[in-house]
2 protein chains.
Amino acid sequence: MNEANKKVDVFQAIADPTRRDVLQLLAIKQRSIAEISSHYDMSRTAIVKHLNVLTEAGLVNGQKLGREKVYYLKPEPLGEVKQWLDYYEQFWNNKLSKLKFLVENED
Amino acid sequence: MNEANKKVDVFQAIADPTRRDVLQLLAIKQRSIAEISSHYDMSRTAIVKHLNVLTEAGLVNGQKLGREKVYYLKPEPLGEVKQWLDYYEQFWNNKLSKLKFLVENED
DNA sequence: TTGACATAACACCTTTTGGTTATATATAAT
DNA sequence: ATTATATATAACCAAAAGGTGTTATGTCAA
């Protein structure tokens, strides 16, 4: 339940292309396991495992609704990735983003 | 050399905490393999493997300098991560940007 | 209450990951 | 030329990841 017992790092959760794709599906709307797995060639069991990883990373949550389990996106943990990424922004884009980084971190 | 022969996805490359830590080290300055591995308990061979993964993702590059091989950061592939992340920002950043606005304008 | 359906729980297999040690090669210093 | 240092490479191993299929359980609907 708590944010504290994340067993899976969010970086690891988004490392898999299928999981990123599932996130994309759930970004549009919430979906049942059956509906999600209908988009892929792999077995429903495999999709459930991916959903479990995403759940442990706090990126999705599943709610039982009747006899279905409906998953929805929880994007908050992506903030950690964004924060990590912001540090490196100073190194690649243009001088503008470098300036932006410096200004936003000047204290 | 080419962007085309990336064998490793950048998302996968940054999934490992050790590799993220190595990136951090190289962000400060370029370093030889020996210097990098001196920061860790694991063997130099293990570090070299991580460096190979990072290299295949295009995130670092190593240049032979005398008998040393000096690695340096190549942050460009992180742009792909940022781009991916930007899409999801709309889902959570509403609260955050409001808060950011409040904090930045509280004078 | 029976049948169909959605999900859960297993058991199992293969590949990849992340690490080890040992040995070889190239360069620098004495 | 010899020795010490830095890296490269190969063989090996354990554990985790990612997939499969089968069976069990719970829920809805006729």
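In this predicted model, strands β2 and β3 (residues 68-73) of chain B run antiparallel and are joined by six bridges. Strands, like helices, are DSSP runs numbered from the N terminus, a helix being H or I with at least four residues and a strand being E with at least two. Two strands pair if DSSP finds at least two bridges between them. One bridge links B:G62 to its partner B:Y71 in β3(B).

This pair belongs to an open sheet of three strands in chain B, in the order β1-β3-β2 and with antiparallel pairing. At its edges are β1 (31-32) and β2 (60-65) of chain B, each of which pairs on one side only.

Helices lie against this sheet. Helix α2 (residues 17-28) of chain B lies across β1, β2 and β3 of chain B, at about 95° to β3(B). Helix α4(B) also packs on the sheet, where it touches β2 and β3 of chain B, and its direction makes about 115° with that of β2(B). Contact here means heavy atoms within 4.5 Å. The angles run from 0 to 180 degrees between N-to-C directions, with axes fitted as lines to C-alpha atoms, for helices over the stretch in contact.

Chain A has its own sheet. It is an open sheet of three strands, ordered β1-β3-β2, with antiparallel pairing. In chain A, β1 (31-32) and β2 (60-65) stand at the edges with a single partner strand each, so one side of each has no neighbour in the sheet. Two bridges pair β1(A) with β3(A) in the antiparallel sense, and the partner of A:R31 in β3(A) is A:Y71. Helix α2 (residues 17-28) of chain A lies across β1, β2 and β3 of that chain and runs at about 95° to β3(A). Helix α4(A) packs on the sheet as well, touching β2 and β3 of chain A, with its direction at about 115° to that of β2(A).

How are the two chains related?

Around it are 19 residues, of which A:K69, B:Q12, B:S43, B:K49 and B:H50 come nearest. A residue is near a strand if one of its heavy atoms lies within 4 Å of it. Of the atoms of DNA strand C that come within 4 Å of the protein, sugar and phosphate account for 70%. The surface near DNA strand C draws at least two residues from each of α3 (33-37), α4 (44-56) and β3 (68-73) of chain A and α4 (44-56) of chain B. Helix α4(B) gives the most, with four residues. By class, this surface has four nonpolar, seven polar and eight charged residues. Ala, Val, Leu, Ile, Met, Phe, Trp, Tyr, Cys and Pro count as nonpolar, Asp, Glu, Lys and Arg as charged, and the others, Gly among them, as polar.

Some individual atom pairs can be picked out. From B:T45, a polar side-chain atom lies 3.3 Å from a base oxygen of DNA strand C.

DNA strand D is surrounded by 20 residues, the closest being A:S43, A:K49, A:H50, B:A34 and B:K69. Helix α4(A) supplies the largest share of the surface near DNA strand D, four residues. A polar side-chain atom of A:H50 lies 2.5 Å from a phosphate oxygen of DNA strand D, while a side-chain N or O atom of A:R67 is 3.5 Å from a base oxygen.

Residues are numbered from 1 along each chain as its sequence is written, and chains are lettered from A and ligands numbered from 1 in the order in which they are written. Local features need pLDDT of at least 70, side-chain atom pairs count only at pLDDT 80 or more, and totals for chains, interfaces and linings use all residues, while side-chain values use heavy atoms, leaving out hydrogens and water.

Terms used
Polar contact = N/O pair within 3.5 Å; in protein donor to acceptor, adjacent residues only side chain to side chain.
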